[in-house]
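Trainee: Could we go through this structure together? I would like to begin with the packing and then look at a few individual residues.

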Amino acid sequence: MKFTRDKRRDKSGRRDGGTQPPRAQDGGRNKRPERKVEHRQEKPAPRPEPKAERRENHTPRPSEQRNEAHSEARSETAQRVLRRREGILPAEKLPLILEVAPNADYALLDSGNGQKLEQYGPYRIVRPEGQAIWQPALPAKDWDRADAIFTGDTDEEGMGRWRFPGQPLGETWPMKHDGIDYLGRFTSFRHVGVFPEQASHWDHMAGLIENSKRPVKVLNLFGYTGLASLVAARAGAEVTHVDASKKAIGWARENQEMASLANKPIRWIVEDAMKFAEREERRGSRYDIILFDPPAYGRGPKGEVWQLFEHLPALTDICRSILTPKPLAVVLTAYSIRSSFFAIHALMRDTFAGMGGRVESGELIIREQSAGRALSTSLFSRWVSA
Ligand SMILES: C[S@@+](CC[C@H](N)C(=O)[O-])C[C@H]1O[C@@H](n2cnc3c(N)ncnc32)[C@H](O)[C@@H]1O
């Protein structure tokens with residue numbers, strides 16, 4: 001089954017970890033075994049022309065930068081036969097636009113001319129933003145006060161890809177989210193270690209955990225630097241956090257220390273998300289809340305290839321299978337894909353057929369402080385039990 005990949009590059013600053021399309025043909029060596037899907041179309045339906053923001057070329061995160069020669073096939077991955085689940089479809093709510101407004105921890109100060117000006121804790125940062133096709137609302141003098149500017153100079157690594165107009169800054173700096181301390185960091189990939197738009201999901205999840213008045217187990221797949229895991233642990237959940245990148249897990253552990261949440265039960269696991277979920281299914285491990293925030297393309301620690309359009313249906317299906325008898329929610333975020341939230345909404349609704357509850361889908365956006373324009377960051381779809 002072939003999928004059209006958009007190879008155009010742009011300078012957008014949307015969430016981009018793991019969305020690098022395969023850089024070389026591998027002759028199928030690294031593909032997951034084809035899963036048998038009933039009623040599968042031979043060719044995907046034509047997708048609408050993507051918005052500018054969905055056409056990014058994404059600089060790979062460390063886990064996606066592996067040498068092709070080191071990658072491994074998923075030979076042992078069992079074939080999963082996907083069957084349409086039976087039962088009444090969950091209720092639906094869409095479109096749902098979840099918005100992050102400027103706040104004391106983070107603010108999108110202004111945007112325009114293909115860039116965005118953000119306040120991350122103490123620092124004012126300029127990064128590329130392909131969607132910002134409008135003009136900045138703030139005068140140039142406000143942009144000139146930036147502490148750090150992402151240049152993306154590919155001859156450089158890490159901090160070298162940033163310019164510091166004032167004094168040189170250290171690689172990391174203290175950040176906060178709703179009272180949780182963690183580390184911001186200037187990375188090669190223009191990220192700073194947090195996706196602020198995710199805060200809408202974190203608040204929702206924390207509410208579910210606190211209101212449940214019972215022990216709650218959370219699985220955070222593709223968890224990155226761990227903010228969601230820390231929020232869940234602080235709310236009282238037992239958390240399992242999985243990411244392919246050893247570096248990201250190291251950073252997440254540092255964040256746990258920074259947040260003074262070292263005594264909270266969080267398992268940090270470097271593993272391929274799909275492999276881990278499959279293993280949990282076999283072992284009978286169950287979760288009340290599952291978050292999964294997969295890139296369009298990524299690699300597991302042993303080079304296992306993750307292709308969202310190819311593997312998301314199976315992973316979603318496994319997520320349903322590893323829920324406790326009284327689950328609370330399953331939250332999927334997707335970004336930089338040539339799709340609409342209607343697609344992941346349909347997948348989630350079909351997958352959660354017979355479970356009751358409701359599927360809510362839409363976009364995560366960040367509201368700009370200067371002129372109130374909205375920056376779309378990702379699509380999401382979540383199943384909630386009540
Ligand atoms: C967009 S980030 C997730 C962001 C995170 N949910 C948050 O809000 O901070 C995508 C993550 O997926 C990880 N990743 C990529 N491919 C993977 C795979 N096959 N298995 C597990 N993690 C993977 C990357 O290392 C990266 O940390």
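Trainee: How many residues does the largest nonpolar core have, and which have the most contacts inside it?
Mentor: In this predicted model, the largest nonpolar core has 91 residues. Ala232 and Ile289 have the most contacts inside that core.

Trainee: Which residues is Ile289 in contact with, leaving aside neighbours within four places in sequence?
Mentor: Ile289 contacts Met205, Leu208, Val216, Val218, Leu328 and Ala329.

Trainee: And the protein as a whole: what does its secondary structure come to, and what percentage of residues count as buried?
Mentor: There are seven helices and 17 strands. Of the 386 residues, 47% count as buried. Among contacts between residues at least 6 apart in sequence, 72% join residues at least 24 apart.

Trainee: Turning to the ligand, which residues come nearest?
Mentor: The ligand has 27 residues around it, of which Phe222, Tyr224, Ala244, Asp293 and Gly298 come nearest. Helix 3 (227-234), strand 10 (238-243) and strand 13 (297-299) each supply at least two residues of the shell.

Trainee: How many residues of that shell are nonpolar, polar or charged?
Mentor: The shell divides into eleven nonpolar, nine polar and seven charged residues.

Trainee: Back to Phe222: where does it lie, and is it buried or exposed?
Mentor: Phe222 lies in the loop between strand 9 (217-221) and helix 3. Phe222 counts as buried because 23 C-beta neighbours are inside 10 Å. Its phi is near 60 degrees, a positive value in a residue other than glycine.

Trainee: What is phi for Asp178, and where is its place?
Mentor: Asp178 also has a positive phi in a residue other than glycine, near 45 degrees. Asp178 is placed in the loop between strand 7 (172-177) and strand 8. With 14 other C-beta atoms within 10 Å, Asp178 is partly exposed; the cut-off for a buried residue is 20 or more.

Trainee: Then Tyr182, in strand 8: why does it count as buried?
Mentor: Tyr182 counts as buried because it has 26 C-beta neighbours inside 10 Å. Strand 8 itself covers residues 180-185. Leaving aside neighbours within four places in sequence, Tyr182 is in contact with Met175, His177, Leu227, Asn255, Met258 and Ala259. Its C-alpha atom is also separated by 8.6 Å from that of Ala252, 70 residues apart along the chain.

Trainee: Which residues of helix 5 are buried?
Mentor: In helix 5 (residues 273-283), the buried residues are Ala273, Met274, Phe276, Ala277, Glu278 and Glu280. They pack against strand 9, strand 10, strand 11 (266-270), strand 14 (305-307) and helix 6 (308-321).

Trainee: What is the helical geometry to keep in mind here?
Mentor: An α-helix has 3.6 residues a turn, so residues three or four places apart point the same way.

Trainee: And what follows helix 5?
Mentor: Gly284 follows helix 5, with a positive phi near 80 degrees.

Trainee: One last topic: which residues does the cis peptide bond at Pro95 join?
Mentor: That cis peptide bond joins Leu94 and Pro95, with omega about -5 degrees. Pro95 lies in strand 1 (residues 91-100).

Key:
Residues are numbered from 1 along each chain as its sequence is written. This is a predicted model: local features need pLDDT of at least 70, side-chain atom pairs count only at pLDDT 80 or more; totals for chains, interfaces and linings use all residues. Helices (H or I, at least four residues) and strands (E, at least two) are DSSP runs, numbered from the N terminus. A residue is buried if 20 or more other C-beta atoms lie within 10 Å of its own, exposed if 12 or fewer, and partly exposed in between; C-beta atoms are placed from the backbone. Two residues are in contact if their C-beta atoms, placed from the backbone, lie within 7 Å. A nonpolar core is a set of buried Ala, Val, Leu, Ile, Met, Phe, Trp, Tyr and Cys residues joined through C-beta atoms within 7 Å. A residue is near a molecule or strand if its C-beta atom, placed from the backbone, lies within 6 Å of it. Ala, Val, Leu, Ile, Met, Phe, Trp, Tyr, Cys and Pro count as nonpolar, Asp, Glu, Lys and Arg as charged, and the others, Gly among them, as polar.
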